[in-house]
Amino acid sequence: MPPKNTGEPDEITGQSALPISRIKKIIMLDDDVAQCSNNATFVIAMATEMFIQYLAEQGHNVVKSERKPRKTVQYKDLATAVSHIDNLEFLSDVIPKTTTYKQFKEKKAKEAGAPGELEKGQRTLNGTTPVTGEGNGIPGESATHPEVSSQSPTIPRTPVVPVSALMADRTISSSAHHDSDVQMQD
């Protein structure tokens with residue numbers, strides 16, 4: 001019997017470690033896919049296994065590169081691998097680097113202390129302008145727009161339309177035409 005080479009990857013045996021039926025159900029969740037053959041499902045399962053193996057190996061390489069190597073791969077090792085390896089950069093939103101509560105608190109304090117500069121007349125997302133002491137660059141003018149209420153800053157209000165613009169000049173009596181619609185004349 002010939003000796004087995006340890007450097008070669010395992011051959012594909014036709015069996016997947018991931019459940020094929022579950023993968024097929026996930027594929028069928030996509031509205032664009034009408035049918036998926038068993039062979040295509042198997043290839044997707046094998047590609048998924050290979051990707052998981054690659055991600056785990058890169059996380060293990062991070063563990064081995066530490067001063068005091070551990071025996072377990074942790075989340076922070078995977079996050080470090082994602083942030084350092086270009087092939088895994090697309091996972092940066094899914095596996096972000098962890099921060100301590102203290103670092104998070106300091107970052108939020110810096111963001112709150114230095115609000116972004118707004119141009120003259122520019123509004124924030126809630127429809128109000130920031131209070132800077134002068135409005136629209138004119139000293140002494142209020143910093144909020146007159147058509148935006150300061151009592152409810154979370155709901156932007158539409159500009160107030162004068163009542164005279166909503167009134168019609170003349171209407172024709174609807175009883176003469178037995179029509180329920182009101183007609184307007186110029």
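In the predicted model, F51, I52 and F90 form a nonpolar surface patch of about 300 Å². Patches consist of residues with over 30% relative accessible area and no salt bridge, in which nonpolar side chains (Val, Leu, Ile, Met, Phe, Trp, Tyr) are joined within 5 Å and like charges within 9 Å; a salt bridge is a side-chain nitrogen of Lys or Arg within 4 Å of a carboxyl oxygen of Asp or Glu. Areas were computed by the Shrake-Rupley method with a 1.4 Å probe, and for residues only the protein chains shown count as cover. I52 counts as partly exposed because its relative accessibility is 47%, the classes being buried (under 20% relative accessible area), exposed (over 50%) and partly exposed (in between), with a 1.4 Å probe and protein chains only.

The largest nonpolar core comprises nine residues, namely L55, V62, A79, A81, V82, I85, L88, L91 and I95. Such a core is a set of buried Ala, Val, Leu, Ile, Met, Phe, Trp, Tyr and Cys residues joined through side-chain atoms within 4.5 Å. At least two residues of this core come from each of α2 and α3 (75–84), and α3 gives the most, with three residues. In soluble globular proteins, nonpolar side chains tend to be buried together.

With residues up to four places away in sequence not counted, T80 touches V62 and K97. The side chains of T80 and K97 are joined by a polar contact of 3.2 Å; this term denotes a pair of N or O atoms within 3.5 Å, where within protein one must be able to donate a hydrogen and the other to accept it, and residues adjacent in sequence count only if both atoms are side-chain atoms.

The protein chain has five helices and four strands, taken as DSSP runs (helices H or I, at least four residues; strands E, at least two) numbered from the N terminus. Their order along the sequence is α-α-α-α-β-β-β-α-β. Of the 186 residues in the protein chain, 16% are buried.

Residues are numbered from 1 along each chain as its sequence is written, and side-chain values use heavy atoms, with hydrogens and water left out. Local features need pLDDT of at least 70 and side-chain atom pairs count only at pLDDT 80 or more, whereas totals for chains, interfaces and linings use all residues.

Technical notes
Contact = heavy atoms within 4.5 Å.
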